[in-house]
Amino acid sequence: MNRRTTPPQSPGHPVSPSGARRRGARATRGARTSERPRPAALLLAGILAALAPACQPGDTQQAEPIPGWEWPMDSVMDVVDDVRAGRDLNPEVWPGGGRVAVLLSFDVDNETIPLRFGEPTISDLSRGEYGARVALPRILRLLDEHAIPASFFVPAVSLMIAPEMADAIQASGRHEIAVHGFIHELNSELDRATERELLVRAIDHLTEVMGERPVGYRAPSWNFSPHTLELLQELGFLYDSSMMADERPYELLADGEPTGIVELPVEWILDDAPLLNPRGDRYSSPRDVLQVWKDEFDVAYREGTMFILTMHPHYIGHRSRIVVLRELIDHIRSHDDVWWATHRAAAEYAAEQAGL
Ligand code: ZN
């Protein structure tokens, strides 16, 4: 059976927030029923058993999600507690007396978005090619002008298609390369063994390219399966940057237990993909987006926390968008006591300060 329960997203566009929830809920419950029955799963089994006489032999029986209002509360809590925010890891002061940490990140998806479901079109692949060919060098030049660091979350296949990106990113010695899946796979659509194998292949390839093992993870499309967090623990990651439970760094909990993994939270309003993708239905004016990002930074500065921005070379790297990033950097640089950092440096510092 085709494991994919929904058609691929429009090329070059991540799963929408609502889409991610729908996929996650369905896949999560499917995965659970195969390994540890829960009250909701039992309820589902009962319903299916009651319907069984109506099914003809050979029917493909597709389990439909049970609406949340029919779930027993212990099932709700069981699902809610899978991945949860633990203690606040925001330090009193960031290094160098910084009152705010600014973490720029670039998800170098390129061709992997059209490739991941095995249905690429030549046009979409060329759009991915732009990411490595034009956008990434433009972004690196801008970062070099200001001598500021950034983290690059790169699917392994992106690096295999354009291996020259690794040297370009590593040339200044300021930037970090971290894991972003093997081919931008959606974790919640995979069984545990496949998810683990792809994650290991991604780690191995980045380790070979970088000469050291990556310590950071960002789930493709920010999509966690019920197994993702335990795999990150098993494989020794320092931090994840895919969840949204805060604006400050925090420790991830798995089933209520501290994991020792630092979460550097993201947000859709701090992501260029849904806002700037010119083929998306939520396309915004880059100038309007700039105002949102400035406001987000200003409050982060006032509250003394963290500002994390997720961007994609094939969106932000265009001429009419890179000017917005340049203006944002200028705006941030007009403030004192800003600590620019890679995700790795921020996670290491937050963990150390908290005695994690
Ligand atoms: Zn991505």
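**Why the labels apply: burial, phi and helix packing**

Asp255 is exposed, with 12 other C-beta atoms within 10 Å. The model is predicted.

Reader: Why is Ser221 called buried?
Author: A residue is buried if 20 or more other C-beta atoms lie within 10 Å of its own. Ser221 has 27 such neighbours inside 10 Å, and therefore counts as buried. Ser221 is found in the loop between β5 (216-217) and α9 (228-234). Phi of Ser221 is also positive, near 55 degrees, and Ser221 is not a glycine.

Reader: Why are α11 and α13 called roughly parallel?
Author: Angles under 35 degrees count as roughly parallel. The axes of α11 (residues 286-303) and α13 (residues 319-333) cross at roughly 25 degrees and come within 10 Å. The two helices are therefore roughly parallel to each other. Their crossing is right-handed.

Reader: Which residues make the contact of α11 with α13?
Author: From α11 come Pro286, Arg287, Val289, Leu290, Trp293, Lys294 and Phe297, and from α13 come Ser320, Arg321, Val324, Glu327, Leu328, His331 and Ile332. By class, eight are nonpolar, two polar and four charged.

Reader: How do you know that α5 and α13 are roughly parallel?
Author: The test is again an angle under 35 degrees. Helix α5 (residues 122-146) packs with α13 at about 20 degrees, with the axes 11 Å apart. This angle meets the cut-off, so α5 and α13 are roughly parallel. The crossing of α5 and α13 is right-handed.

Reader: What makes up the contact between α5 and α13?
Author: On the α5 side are Arg138, Leu142 and His146, and on the α13 side are Ile322, Leu325, Arg326, Ile329 and Arg333. These residues divide into four nonpolar, one polar and three charged.

Reader: What is the average pLDDT of the chain, and where does pLDDT stay under 50?
Author: The chain averages 86, and 81% of the residues score at least 70. Over residues 1-60 pLDDT stays under 50, and for these residues the model has 74 contacts beyond four places in sequence.

Definitions and conventions:
Residues numbered from 1 in each chain as written. Predicted model: local features only at pLDDT ≥ 70, side-chain atom pairs only at ≥ 80, totals over all residues. Axes fitted to C-alpha atoms, helices over the stretch in contact; angles between N-to-C directions. Helix = DSSP H or I, 4+ residues; strand = E, 2+ residues; numbered from the N terminus. Parallel < 35°, antiparallel > 145°, perpendicular 65-115°, else oblique. Left-handed = near helix turned anticlockwise from the far one by under 90°. Contact = placed C-beta atoms within 7 Å. Nonpolar A, V, L, I, M, F, W, Y, C, P; charged D, E, K, R; others polar. pLDDT = per-residue confidence, 0-100.
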